[in-house]
Every structure is written in C-alpha cells, then in structure tokens.
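Here is a short briefing to read alongside the model on your screen. Please keep the structure open as you go through the points.

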Amino acid sequence: MKTQVTASAPGKLILLGEHAVVYRRPALVAAVDLRLTAVLRPHGGNAVHLSVPALGVQQRTSWPEIAAYAAAAAERWQAWHDAVEGGVANDFATVRGDDPAHVLLLALGEASSYLGELASEGHCPGLHLSLRSELPIGSGFGSSAAAALAIVAGYLSLRGAAAPAEDLERLALTVERRQHGLPSGVDGATVLHGGLIWAERDDSGKLAFTPFPADSPLLPRFAVFHSGEPAESTGEVVAGVRRAAAAEPARYEALWDEIEAASRELRELLAGGDDDPEAAVMLLRRASAALEAAGVVPAPVVERIRAVEAAGGGAKISGAGSLAGPGAGSLLAVHPDPARLDQLPALAGLRRYPVHLGAPGLQVDNELTASLPRERRPR
C-alpha cells in the first residue's frame with residue numbers, strides 16, 4: 001500500500017445551461033483553476049480520521065460506521081426519489097441531513113464498496129483523510145463533485161486500485177445524488193475531464209459529454225464574482241424549481257427553451273473564434289432573464305445584474321442560484337471593456353475570482369486520471 005496519495009480536482013462553472021440541463025437541455029461548462037485537494041495516508045490502527053478545518057471537521061470514525069452511514073443515506077435518497085417520481089415533492093434538505101462530513105463519508109463508502117471490501121475494521125485500512133479547498137462551498141463551483149472525485153480516486157489509488165473514467169464518474173454522481181437530490185451529472189464530468197465540456201442528451205436520453213476547444217479569445221473576457229452564499233443548498237433550489245415547474249409546466253418549458261437557444265449560440269460563438277464580446281453580452285442577458293423568471297435569482301442579485309447591463313455589459317448567475325436573498329453564489333459577467341467591471345459600484349463589494357476557464361481535470365499524485373479526445377473545431 002502507498003504511504004500517501006494526493007488527489008486534486010478543479011472547480012467548475014456553468015457558462016450557460018444551468019437548471020435547463022436538468023430538463024434535458026444542453027449546457028456549456030468549464031473547469032476552473034481553483035482546486036480541491038485530498039490527502040490520504042494509511043495508519044496502523046483501524047480508525048478513520050477526517051480533517052477539514054474549513055468545515056470545522058475533526059472526526060474519528062470507523063469503516064462499519066461509514067458503511068452504515070452510506071447505506072442509510074442511500075435508503076433515504078431512494079425513498080425521497082420514489083416520492084418525487086410519484087408526484088410528492090418533499091424537501092430534500094431533510095433527506096440529506098446536516099453532517100458537515102456528509103460528502104466525505106459517502107465518498108469513502110462508495111470507494112470501499114466499489115473495491116468489494118467488507119464493511120469491517122479488519123478488512124479496511126486505518127486512514128487519515130484531510131481536505132483543503134480553494135472552492136467556495138455551495139456557490140456554483142462544483143465543490144461537492146470535486147470532493148467526491150478526489151476522495152474516491154485518491155482512496156482507490158491508495159489501495160493500489162484503479163477505475164475507468166466512466167466508473168469514477170458514476171461513483172461521484174452517486175455521492176452527488178445523496179448530497180443534492182437529482183443533479184444532472186455535469187459537475188462530475190467537467191471536474192473529471194477538465195477543459196470545456198458540452199453536455200447534451202444523446203438519442204437514448206443519456207447525458208453525453210463532448211470536449212470543446214478552450215482557446216476562444218472570448219474566454220479571458222469572462223469575469224467571475226461571488227455574489228454571496230446562497231440561502232439554500234443546491235438540492236433545495238433544484239427541488240424548489242421542480243415544484244414550480246410542475247405547477248406551471250408550459251411556462252418553464254419555454255424558459256428552458258430560451259436557455260437552450262442561448263447555450264447553442266454561445267457554443268457557436270466560441271467555436272467561430274471571433275472576439276465578439278457584444279454578442280456574448282446579449283447571450284448572458286437572455287440567459288439571465290430566463291433564470292430570473294425561473295425564480296433562482298434573488299432581488300439583490302438582480303439589482304447587481306441590472307447595473308452591469310446599464311453599464312453596457314451582461315451578467316448571470318452560474319450554478320443553482322438561490323430562491324431567496326441576498327446572495328446567489330457565482331456571478332459570471334462580461335463587458336466589451338473588461339476594466340469597466342472593476343469600476344462598477346454594484347460589483348465593488350464582491351470578491352472577484354481571477355480564474356482560468358478550461359483548467360485541467362482530476363489529478364492523482366500530479367497525473368491526469370482521465371481525458372477525452374479533443375473535438376475538432378468546425379471548418
């Protein structure tokens with residue numbers, strides 16, 4: 001067994017397509033160079049030590065406890081999912097629980113189960129797991145997917161095992177479901193492969209991921225701000241939208257259609273290679289209008305977006321957003337004169353993240369674990 005494994009995963013930002021991708025529409029997503037790092041070390045005992053200072057987690061547990069926790073979470077999720085399928089939209093927050101180590105415990109449980117290890121202290125190693133992260137939590141940066149992938153891949157590597165990319169993606173999606181309810185899978189795929197990803201349902205209805213060139217001169221023009229922590233978790237926001245969409249299906253289908261159209265136009269704009277910030281501004285405005293109508297952009301954030309638009313730019317949330325104020329997580333903005341964004345009073349109080357769009361994906365001991373063949377640029 002290795003003496004230590006370090007696994008690092010990037011964050012992600014949805015350029016266009018959030019929420020709509022849950023309803024069978026495409027999305028364009030970028031990995032960003034803010035990363036989460038998991039460090040795993042075996043030790044001679046049987047206990048599992050978890051350390052995440054940013055979350056206040058300093059916990060000692062055991063493999064039987066981890067297995068029991070993961071099994072209980074799976075049962076709660078399945079009951080919730082069955083209720084949703086039966087038309088009963090229960091609050092997912094009560095299903096997830098409030099344990100700050102939730103994702104860590106689930107990821108270790110899934111990784112150990114994948115290896116076929118028995119849920120007993122005699123068959124699994126003592127473990128130290130620590131996490132450090134540059135990603136804001138619950139703000140559209142994909143922190144749950146990054147943690148799930150880093151922990152699963154790191155633990156498999158520590159045990160001298162490996163898994164194909166599709167298995168890593170599936171395991172991470174299982175963890176995300178226990179964390180968020182019914183995520184699309186976009187976060188995990190983007191965090192795993194890195195770069196830019198075009199996500200779209202294939203003929204079978206499965207969400208397929210295609211790598212997309214990340215060399216458009218428009219990409220460096222996008223700026224990312226933090227509008228403030230959302231009032232609800234991603235799962236709660238997605239569940240709230242699901243309830244609203246069930247009550248007004250025609251209106252929400254029209255909103256998803258509008259977001260899909262803007263997403264496809266942005267893809268063509270980036271593929272064309274032209275530096276056309278005015279066109280990008282208009283696409284962000286269209287997408288933001290649809291997201292606001294969907295109820296996931298609280299009033300204080302809408303005011304900031306209107307101020308960006310009044311100054312000649314465009315802005316939209318990136319991620320689930322929020323059902324209430326004052327923050328909605330990540331805010332993506334673009335302006336023909338990028339310096340103007342830093343001069344706007346509406347954005348002056350927000351933290352700006354100088355991110356690179358199209359960063360490398362999951363790495364274990366500094367080696368990329370998955371890659372997709374590059375998509376050819378249309379001629």
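The notes below cover a sheet, its helices, a helix pair and a few backbone details.

Please bear in mind that this is a predicted model. Elsewhere, helices α3 and α5 pack at an angle of about 140°.

- Strand β8 spans residues 223–226, and both of its faces are covered.
- A223 and F225 point to one side of β8 and V224 and H226 to the other, and all of these residues are buried.
- Strand β10 (residues 330–334) runs antiparallel to β8, and four bridges join the two.
- Within that pairing, A223 has A333 of β10 standing opposite.
- Strand β11 (residues 351–353) also pairs with β8 in the antiparallel sense, over three bridges.
- Here V224 has Y353 in β11 as its bridge partner.

**The α3 and α5 pair**

- Two packed helices are described by the angle between their axes and the distance between the axes.
- For α3 (residues 102–114) and α5 (residues 165–180), the angle is about 140° and the axes are 10 Å apart.
- The crossing of these two helices, α3 and α5, is right-handed.
- From α3, the contact draws on H102, V103, L106, A107, E110 and Y114.
- Facing them in α5 are D167, R170, L171, T174, V175, R178 and Q179.
- Sorted by class, this contact of α3 with α5 holds six nonpolar, three polar and four charged residues.

**Backbone details in the loops**

- Which residues does a cis peptide bond join? The pair is G325 and P326, with omega at about 5°.
- P326 sits in the loop between β9 (314–318) and β10.
- H19, a residue other than glycine, has a positive phi near 65°.
- You will find H19 in the loop between β1 (5–16) and β2 (27–43).
- R24 likewise has a positive phi, near 70°, and is a residue other than glycine.
- The loop between β1 and β2 is where R24 is found.
- Are H19 and R24 buried or exposed? H19 has 6% relative accessibility and therefore counts as buried, the limit being under 20%.
- R24, with a relative accessible area of 54%, is exposed because that value is over 50%.

Terms used: Residues are numbered from 1 along each chain as its sequence is written. This is a predicted model: local features need pLDDT of at least 70, side-chain atom pairs count only at pLDDT 80 or more; totals for chains, interfaces and linings use all residues. Side-chain values use heavy atoms; hydrogens and water are left out. Axes are lines fitted to C-alpha atoms, for helices over the stretch in contact, and angles run from 0 to 180 degrees between N-to-C directions. A crossing is left-handed if the near helix is turned anticlockwise from the far one by less than a right angle, and right-handed if clockwise. Contact means heavy atoms within 4.5 Å. Ala, Val, Leu, Ile, Met, Phe, Trp, Tyr, Cys and Pro count as nonpolar, Asp, Glu, Lys and Arg as charged, and the others, Gly among them, as polar. Buried means under 20% relative accessible area, exposed over 50%, partly exposed in between (1.4 Å probe, protein chains only). Two strands pair if DSSP finds at least two bridges between them.
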